[in-house]
Amino acid sequence: EDDNGEPVSWHPRIDLVETADAFELAMDIPGVSKDDLTINLHDGVLSVSGERNARDLQETDTVVRFERQTGRFYRSFTLSNKIDEKKIEARHENGVLVVRLPKLEESKPRKISIK
């Protein structure tokens, strides 16, 4: 279920990496248009939802095999509250959604010199 209690049909595969500067999410969503995606960040929780529509079949078509999942999907991830929300970037290319969530300056690790 998503945050609204709506049923979901599938869960895309993801990579989520934390670097010194940001969290970076890559999600495999081939066949999903960027117009069918919703990305939200609220109280440190990143959520991504969308829908991949099933192929339209004609009456004369015969299904040999259907393996790709279709329908609604939803994924959510709890991250640090130290995200610079004004600098979040998302891009959609070659069937992969990439979301970069930069950390606030004060939350980045810093080297302390010894006097």
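Four salt bridges turn up here, counting a side-chain nitrogen of Lys or Arg within 4 Å of a carboxyl oxygen of Asp or Glu. Keep in mind that this is a predicted model: local features need pLDDT of at least 70, side-chain atom pairs count only at pLDDT 80 or more, and totals for chains, interfaces and linings use all residues. Side-chain values use heavy atoms, with hydrogens and water left out, and residues are numbered from 1 along each chain as its sequence is written.

**Salt bridges across the chain**
- Glu 18 pairs with Lys 103, the closest N and O atoms sitting 2.7 Å apart.
- That pair links distant parts of the chain, with Glu 18 in strand β1 and Lys 103 in the segment after β7 (96-102), 85 residues apart; strands are DSSP runs (E, at least two residues), numbered from the N terminus.
- Glu 18 is exposed at 51% relative accessibility, while Lys 103 is buried at 10% (buried is under 20% relative accessible area, exposed over 50%, partly exposed in between; 1.4 Å probe, protein chains only).
- Arg 100 forms a salt bridge with Glu 24, the closest N and O atoms being 3.4 Å apart.
- Arg 100 lies in strand β7 and Glu 24 in strand β2, so this pair ties together parts 76 residues apart in sequence.

**A further salt bridge**
- Asp 84 and Lys 87 also pair up, at 3.9 Å between the closest N and O atoms.
- Asp 84 is buried at 17%, whereas Lys 87 is exposed at 51%.

**Strands β1 and β2**
- Five bridges join β1 (residues 14-18) to β2 (residues 22-28), and the two run antiparallel; strands pair if DSSP finds at least two bridges between them.
- A hairpin of three residues connects β1 to β2.

Note on methods. Helices (H or I, at least four residues) and strands (E, at least two) are DSSP runs, numbered from the N terminus.
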